[in-house]
Amino acid sequence: MRKITSLTALLSFLLLMLTSIILYIVPPGRVAYWAEWRLWGLSKTEWTNLHINLGVLLLIAILLHTYYNWKAVMLY
């Protein structure tokens, strides 16, 4: 379970960084909606929803990671 938790945390972090970069370069709200902006088939709203969900997944994975490695944390 430790390996799965660590891998989930890593992948969600990397994807969270990708969605952060994408949301940074997206046109402002009204322009993106008016122009029906899309990247890889996802609209700005869908990218935002994906970003939020990945953030929640990362938070859960980090909490589980801390729980599973509590002994190691306390030894440090």
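M17 is partly exposed, with a relative accessible area of 36%. This residue belongs to helix α1, which covers residues 2–25. Together with L7, L10, L11, F13 and L14, M17 makes a nonpolar surface patch of about 550 Å². The structure described here is a predicted model.

**Confidence**

The protein has a mean pLDDT of 90, and 100% of its residues reach 70 or more. Which helix has the highest confidence, and which the lowest? Helix α3 (residues 44–68) is highest, at a mean of 94, whereas helix α2 (residues 29–34) is lowest, at 77.

**Accessibility of selected residues**

| Residue | Relative accessible area | Class |
|---|---|---|
| M17 | 36% | partly exposed |
| L15 | 41% | partly exposed |
| E46 | 33% | partly exposed |
| W40 | 65% | exposed |

W40 sits in the loop between strands β1 (38–39) and β2 (42–43). The phi angle of W40 is near 55°, a positive value in a residue other than glycine. W40 counts as exposed because its relative accessibility, 65%, is over the 50% cut-off.

**Charged residues**

Side chains of opposite charge can pair when their charged atoms come close. How many salt bridges does the count give? The count comes to one. The side chains of E46 and R38 meet in a salt bridge, with an N to O distance of 3.4 Å. The glutamate of this pair, E46, is partly exposed, at 33% relative accessible area.

K44, in helix α3, presents another case. Is K44 buried or exposed? K44 is buried, yet has no salt bridge. The nearest side chain of opposite charge belongs to E46 and is 13 Å away.

What surrounds K44, leaving aside its neighbours within four places in sequence? K44 is in contact with L23, V26, P27, P28, G29, A32, Y33 and W37. Among these contacts, G29, A32 and Y33 fall within residues 29–34, the span of helix α2. Helix α2 is the element with the lowest mean confidence, 77.

Technical notes:
Residues are numbered from 1 along each chain as its sequence is written. This is a predicted model: local features need pLDDT of at least 70, side-chain atom pairs count only at pLDDT 80 or more; totals for chains, interfaces and linings use all residues. Side-chain values use heavy atoms; hydrogens and water are left out. pLDDT is the predictor's confidence in each residue, from 0 to 100. Helices (H or I, at least four residues) and strands (E, at least two) are DSSP runs, numbered from the N terminus. Patches are made of residues with over 30% relative accessible area and no salt bridge: like charges are joined within 9 Å, nonpolar side chains (Val, Leu, Ile, Met, Phe, Trp, Tyr) within 5 Å. Accessible areas come from the Shrake-Rupley method with a 1.4 Å probe; for residues, only the protein chains shown count as cover. A salt bridge is a side-chain nitrogen of Lys or Arg within 4 Å of a carboxyl oxygen of Asp or Glu. Buried means under 20% relative accessible area, exposed over 50%, partly exposed in between (1.4 Å probe, protein chains only). Lys and Arg count as positive and Asp and Glu as negative; His and the chain ends are not counted. Contact means heavy atoms within 4.5 Å.
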